[in-house]
Amino acid sequence: NDTVMHLFLLFVLVNGELQSADMYFRSIDTCNYFANAMTRRKVAERPYVVAYCVPRLVDGSKIIPQIY
């Protein structure tokens with residue numbers, strides 16, 4: 001059963017520390033939508049959030065929870 005696929009992994013950092021790296025998306029557009037939504041804030045607001053998407057070749061049978 002071949003379940004290896006290309007997906008986009010969303011990384012979320014808060015104040016420079018990795019908070020999340022477990023959300024996979026089939027579409028770069030969907031991944032970027034969530035990355036942008038997490039980083040919208042006024043300049044003076046804290047905490048400082050950085051979110052970005054990285055392509056990954058992964059075994060789809062090992063991704064928990066599901067792929068978004």
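**Aromatic residues, surface and strands**

At 35% relative accessibility, phenylalanine 34 counts as partly exposed, because the partly exposed class lies between under 20% for buried and over 50% for exposed. The structure described here is a predicted model.

**The surface patch**

- Together with Tyr33 and Met38, Phe34 forms a nonpolar patch on the surface, and the accessible area of the three together is about 290 Å².
- Tyrosine 33 has a relative accessible area of 51% and is therefore exposed, since the limit for that class is over 50%.
- Methionine 38 is part of helix 1, which covers residues 28-39.
- With a relative accessibility of 33%, methionine 38 counts as partly exposed.

**Aromatic pairs**

- A pair of aromatic rings is described by the distance of the centres and the angle of the planes.
- Three aromatic pairs are found when the whole structure is searched.
- One of these pairs consists of phenylalanine 11 and tyrosine 52; the pair is stacked, with 5.5 Å from centre to centre and 20 degrees between the planes.
- Because phenylalanine 11 belongs to strand 1 and tyrosine 52 to strand 3, this pair ties together parts that are 41 residues apart in sequence.
- Phenylalanine 11 counts as buried, at 14% relative accessibility, whereas tyrosine 52 counts as partly exposed, at 38%.
- The rings of tyrosine 33 and phenylalanine 34 also form a pair, with centres 5.3 Å apart; their planes stand at 90 degrees, so this pair is edge-to-face.
- Phe25, Tyr33 and Phe34 make up one aromatic cluster.

**Strand pairing**

- Strand 1 (residues 4-14) and strand 3 (residues 49-59) run antiparallel and are joined by eleven bridges.
- Within this pairing, phenylalanine 8 has proline 55 of strand 3 as its bridge partner.
- Strand 1 also pairs with strand 2 (residues 17-25), in the antiparallel sense and over six bridges.
- Serine 20 in strand 2 stands opposite valine 12.

**The hairpin**

- Strand 1 and strand 2 form a hairpin, and two residues lie between them.
- Asparagine 15, in the turn of this hairpin, has a positive phi of about 50 degrees.

Methods: Residues are numbered from 1 along each chain as its sequence is written. This is a predicted model: local features need pLDDT of at least 70, side-chain atom pairs count only at pLDDT 80 or more; totals for chains, interfaces and linings use all residues. Side-chain values use heavy atoms; hydrogens and water are left out. Two strands pair if DSSP finds at least two bridges between them. Helices (H or I, at least four residues) and strands (E, at least two) are DSSP runs, numbered from the N terminus. Patches are made of residues with over 30% relative accessible area and no salt bridge: like charges are joined within 9 Å, nonpolar side chains (Val, Leu, Ile, Met, Phe, Trp, Tyr) within 5 Å. Accessible areas come from the Shrake-Rupley method with a 1.4 Å probe; for residues, only the protein chains shown count as cover. A salt bridge is a side-chain nitrogen of Lys or Arg within 4 Å of a carboxyl oxygen of Asp or Glu. Buried means under 20% relative accessible area, exposed over 50%, partly exposed in between (1.4 Å probe, protein chains only). Rings of Phe, Tyr and Trp (its six-membered ring) pair if their centres lie within 6.5 Å; planes under 30 degrees apart count as stacked, over 60 as edge-to-face and the rest as tilted.
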